[in-house]
Amino acid sequence: MHYLSNLWQALDFGSMQDMVLRLVSVFLCLTVHELCHGLAALALGDPTAKQQHRLSLNPLRHIDWVGLGMMVFVGFGWAKPVPVNPNYFKKPKQGMALTALAGPASNFLLAFLCVLLAQGAGQVLPQAAWVSTLMVFFLRTALLSIGLGLFNLIPIPPLDGSKVLFALLPDRQYAWLLRYEHVGMILLWVLVLSGAGGGWLNQLIWSIFDLFTFIVGI
């Protein structure tokens with residue numbers, strides 16, 4: 001019993017709480033991102049995501065566990081891609097581009113909402129430790145969501161930005177690039193592991209975050 005008591009006292013519950021809140025933030029950002037891909041595809045005529053039960057706020061339907069671990073510990077990760085069949089779209093390339101843009105757009109909207117909730121919590125709720133924790137959670141989620149949205153706009157396959165870029169290309173080049181999408185994944189890993197572009201991406205994340213806090217402050 002004495003050993004268990006010492007073990008209990010040695011646990012850093014502050015760090016555990018931080019880890020749990022970080023997990024919740026990641027779950028929320030990834031779930032909203034993938035759900036909005038599916039909703040956009042459905043609105044454009046593709047029922048594939050709905051048929052495979054991916055139009056859900058249940059994060060377990062969207063989480064790739066390796067990607068989740070990478071996002072929590074490394075800051076770069078992924079979810080299970082929502083299945084999209086462009087054959088259902090009247091204009092397949094444009095439909096894919098709009099479906100792709102729905103993910104990052106939802107992350108920016110979620111970030112703005114989180115900043116709004118953080119300010120509301122600070123103004124309406126009493127001053128207490130749990131209120132401060134709640135505000136920090138909202139602000140961290142906002143930063144993470146902005147980062148996820150911006151990262152996915154990078155025009156390297158299989159990120160969403162590449163699908164927008166591909167939609168501007170002639171059909172022949174579009175089909176050729178789709179065949180070599182796996183090469184983009186290798187390039188993406190090289191960029192992430194080398195840290196290339198991390199500085200300007202962080203600057204851009206904070207700039208958008210500052211813009212949102214400025215707007216909410218008004």
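Me: Which residues make the nonpolar surface patch of about 300 Å²?
Reply: This is a predicted model. In it, Leu 44, Leu 98, Leu 101 and Leu 153 make that patch.

Me: Where is Leu 44 found?
Reply: Leu 44 sits in the loop between α2 (13-43) and α3 (48-51). With a relative accessibility of 32%, Leu 44 counts as partly exposed.

Me: Stepping back, how many helices and strands does the protein have?
Reply: There are ten helices and zero strands. Of its 218 residues, 37% count as buried.

Me: How do the axes of α5 and α6 cross?
Reply: The axes of α5 (residues 92-124) and α6 (residues 129-152) come within 8 Å and cross at roughly 165 degrees. That angle is over 145, so α5 is roughly antiparallel to α6. Their crossing is left-handed.

Me: New topic: what is the count of salt bridges?
Reply: The count comes to two. In one of them, Asp 18 pairs with Arg 22, with the closest N and O atoms 3.6 Å apart. Those two residues are four apart in helix α2, so about one helical turn separates them.

Me: And which residue does Arg 140 form a salt bridge with?
Reply: Arg 140 bridges to Asp 18, and their closest N and O atoms are 2.2 Å apart. Arg 140 lies in helix α6 and Asp 18 in helix α2, so this pair ties together parts 122 residues apart in sequence. Through shared partners, the salt bridges join Asp 18, Arg 22 and Arg 140 into one network.

Me: Is Asp 18 buried or partly exposed?
Reply: Asp 18 is partly exposed, at 24% relative accessibility. Arg 22 is partly exposed at 38%, and Arg 140 is partly exposed at 45%.

Note on methods. Residues numbered from 1 in each chain as written. Predicted model: local features only at pLDDT ≥ 70, side-chain atom pairs only at ≥ 80, totals over all residues. Heavy atoms only, no water. Patch = residues over 30% accessible without salt bridge, like charges linked within 9 Å, V, L, I, M, F, W, Y side chains within 5 Å. Areas by Shrake-Rupley, 256 points an atom, 1.4 Å probe, with all protein chains shown as cover. Salt bridge = Lys/Arg side-chain N within 4 Å of Asp/Glu carboxyl O. Buried < 20%, exposed > 50% of the residue type's maximum accessible area, 1.4 Å probe, protein only. Axes fitted to C-alpha atoms, helices over the stretch in contact; angles between N-to-C directions. Parallel < 35°, antiparallel > 145°, perpendicular 65-115°, else oblique. Left-handed = near helix turned anticlockwise from the far one by under 90°.
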